[in-house]
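Take a look at the model below. Then follow the text from charged pairs to nonpolar cores.

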Number of protein chains: 2
Amino acid sequence: MNERDALRAIAADLPAAGDDAAVVDGTVITTDMLHERTDFPPGTTRYTAGWRAVGASLSDVAAMGAAARAAVAVYADEVFDPDELDAFVAGAVDVCEAVDAEYVGGDLDEHVEFTTATTAIGDVTDAGPVTRGGARPGDALCVTGEWGRSAAALRLFKKNSDEAVERANELFRFTPRVADGLALVGAATAMMDSSDGLARSCHQLAEASGVGIEVERDAVPVHPAVEELAEGSAERFELAAHFGEDFELLCAVPEAEVDAVEAACPSGLTRIGTVTEAPEEGAPRVLADGDPLPDRGFTHGDK
Amino acid sequence: MNERDALRAIAADLPAAGDDAAVVDGTVITTDMLHERTDFPPGTTRYTAGWRAVGASLSDVAAMGAAARAAVAVYADEVFDPDELDAFVAGAVDVCEAVDAEYVGGDLDEHVEFTTATTAIGDVTDAGPVTRGGARPGDALCVTGEWGRSAAALRLFKKNSDEAVERANELFRFTPRVADGLALVGAATAMMDSSDGLARSCHQLAEASGVGIEVERDAVPVHPAVEELAEGSAERFELAAHFGEDFELLCAVPEAEVDAVEAACPSGLTRIGTVTEAPEEGAPRVLADGDPLPDRGFTHGDK
């Protein structure tokens with residue numbers, strides 16, 4: 001059983017869960033766990049780790065169209081190095097400040113490898129949370145920001161020079177799209193963050209909404225670091241669409257509202273495709289330039 | 001640097017943290033991480049693990065005198081066994097129901113050993129949160145429930161018979177003292193839960209409040225399972241006071257209010273000692289029957 005099947009099984013039992021975050025009486029809550037071995041390549045500073053781990057949870061708050069309120073983290077390691085812990089907390093505090101939230105501490109734990117579990121809470125606006133399930137045929141499919149920054153960071157971490165590692169750390173410290181999420185509330189019919197990659201996120205949003213999706217490959221905004229590191233358009237699209245962990249927003253917006261919402265999104269909003277009628281039984285749900293876009297990306301337990 | 005020193009260092013930087021749970025705009029939030037190797041002895045069912053892990057976070061909500069609202073968990077394991085996952089979720093759902101909260105799911109993660117990170121949120125009442133820092137000389141020192149159940153459970157797990165393991169699992173599934181915490185709000189001047197054990201908790205509460213504490217050993221309510229498994233009063237007190245992980249509440253209550261509050265606590269409230277003036281420099285802060293009570297209990301990173 002892989003992670004997605006297991007999540008589906010849990011979601012079936014828990015009506016409040018199953019989206020990017022759960023909503024309880026107007027409060028959004030979401031939690032994640034990250035490990036040194038799988039999530040923080042050699043060269044990742046503890047400051048970057050604190051920023052990125054807490055940012056991942058804040059990204060889920062953003063994906064619901066909620067205002068971020070606070071975050072906590074469990075910090076587990078073999079030994080407690082005070083400088084590393086301070087750096088982690090500083091990163092956690094700074095990413096919270098970047099989205100007007102408050103980092104309020106957490107817990108420490110002894111563990112076999114550096115592991116962190118982060119939780120963020122947020123407040124739903126009067127327009128309500130935005131789920132993955134409301135996209136309608138004819139909506140524009142849009143994304144925030146530029147894609148592939150985590151893929152580019154991974155390549156830079158492997159280069160192992162001081163300069164490359166510093167750039168990789170910068171790329172890893174994404175700004176959670178809370179402000180964009182709030183700008184999209186009321187307009188977006190469906191929204192999610194892209195932690196599993198663009199391709200997989202398109203499949204998830206299409207499935208949750210019971211629709212199809214057509215993506216235009218060349219419309220996907222690719223991060224400049226990917227342009228620089230990847231050779232040719234096929235490799236660029238691979239890194240931008242299938243790598244994952246970019247923490248941008250993917251959303252469906254009625255055509256008539258795209259321009260107004262785009263102007264309100266501080267990270268930019270790019271139209272990359274169209275929501276279509278649900279495909280016939282057996283037909284591909286997501287197309288890119290007319291060809292099936294494989295449901296392939298980053299999933300724990302899928303190896 | 002051990003866990004307590006590290007927590008103190010973090011708390012100094014984060015004014016909102018440092019108690020059993022952080023409080024942000026009236027919402028209490030707290031997070032914990034538990035591991036198979038250190039926290040779930042062989043024989044612990046996944047149902048018990050889900051109950052206990054989520055219960056540990058709900059206990060922190062209780063310790064603030066807040067109403068529990070919801071909990072989430074990250075469930076990490078080497079492989080996802082659907083039956084184990086279902087059992088974990090069932091335990092999490094049931095412990096939430098026991099305190100009128102809602103389990104709203106969480107996340108899955110692949111990891112080298114079964115690990116869970118749980119987070120609970122709650123709502124502060126109009127009487128405000130109860131911190132560890134308000135105990136005053138002359139207050140009665142009180143505890144909920146009966147002590148030593150986790151110590152007794154550990155001994156039963158080691159016996160390894162089906163019957164002993166079943167009883168151990170039952171003992172591990174404590175009811176978080178949310179109803180008691182709510183009954184104590186407005187009366188208790190200081191409160192905390194006892195995850196590090198009675199002795200250590202007395203030291204923490206006395207230090208946070210800037211007071212001394214005198215405990216009467218025979219007044220500490222010992223769980224019947226401890227009475228049965230331990231030989232002699234010294235061993236009983238050791239298990240009840242120094243083992244930890246009991247998740248009962250320790251609080252200071254003005255003398256005049258003890259009887260009324262006791263009647264309102266569903267788990268019972270027992271007076272076990274008195275809050276005293278702060279000791280002179282170098283003198284012991286916590287006494288048990290006149291002798292220093294060592295600040296000894298369960299602390300990660302303290303080995």
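In this predicted model, B:Arg200 has a relative accessible area of 3%. Buried means under 20%, so B:Arg200 counts as buried. B:Arg200 forms a salt bridge with B:Asp295. The closest N and O atoms of the two are 3.1 Å apart. B:Asp295 is partly exposed, at 29% relative accessibility. Where do the partners sit? B:Arg200 belongs to helix α8 (residues 198–209) of chain B, while B:Asp295 lies in the segment after β12 (291–292). These parts are 95 residues apart in sequence, so the pair ties them together.

Chain B holds another such link. B:Arg132 and B:Asp20 meet through their side chains in a salt bridge, 3.2 Å from N to O. B:Arg132 is in the loop between β5 (115–124) and β6 (140–144) of chain B. B:Asp20 is in the loop between α1 (3–13) and β1 (22–24) of chain B. The two parts are 112 residues apart in sequence, so this pair ties them together. Both B:Arg132 and B:Asp20 are buried.

Now turn to chain A. A:Asp123 and A:Arg69 form a salt bridge, with their closest N and O atoms 2.9 Å apart. A:Asp123 is partly exposed, with a relative accessible area of 27%. A:Arg69 is buried, at 11% relative accessibility.

How many salt bridges are there over all chains? A search of the whole structure finds 28. Some share partners: A:Glu36, A:Arg46, A:Asp77 and A:Glu84 are joined in one network this way.

Next come the nonpolar residues. In soluble globular proteins, nonpolar side chains tend to be buried together. Here the largest nonpolar core has 48 residues. Those with the most contacts inside this core include A:Val54, A:Leu58 and A:Val253. Helix α3 (residues 46–63) of chain A gives the largest share, eight residues. Why does the core lie between two domains? Domain 1 (3–124) and domain 2 (140–292) of chain A both contribute residues, so the core lies between them.

Zoom in on A:Val253. Among the residues that A:Val253 touches are A:Asp139, A:Cys142, A:Leu184 and A:Val258. A second, separate core has 47 residues, including B:Leu34, B:Val99, B:Ala101 and B:Val258.

One stop remains. The unreviewed UniProt entry has a "binding site" annotation that covers A:Asp196. A:Asp196 is in the loop between β7 (190–193) and α8 (198–209) of chain A.

How values were computed
Residues are numbered from 1 along each chain as its sequence is written. Chains are lettered from A and ligands numbered from 1 in the order in which they are written. This is a predicted model: local features need pLDDT of at least 70, side-chain atom pairs count only at pLDDT 80 or more; totals for chains, interfaces and linings use all residues. Side-chain values use heavy atoms; hydrogens and water are left out. A nonpolar core is a set of buried Ala, Val, Leu, Ile, Met, Phe, Trp, Tyr and Cys residues joined through side-chain atoms within 4.5 Å. Buried means under 20% relative accessible area, exposed over 50%, partly exposed in between (1.4 Å probe, protein chains only). Helices (H or I, at least four residues) and strands (E, at least two) are DSSP runs, numbered from the N terminus. Domain bounds come from an automatic or database domain assignment. Contact means heavy atoms within 4.5 Å. UniProt positions are given in the numbering used here, feature names are shortened, and annotations may be inferred rather than shown by experiment. A salt bridge is a side-chain nitrogen of Lys or Arg within 4 Å of a carboxyl oxygen of Asp or Glu. Lists of a residue's contacts leave out its neighbours within four places in sequence.
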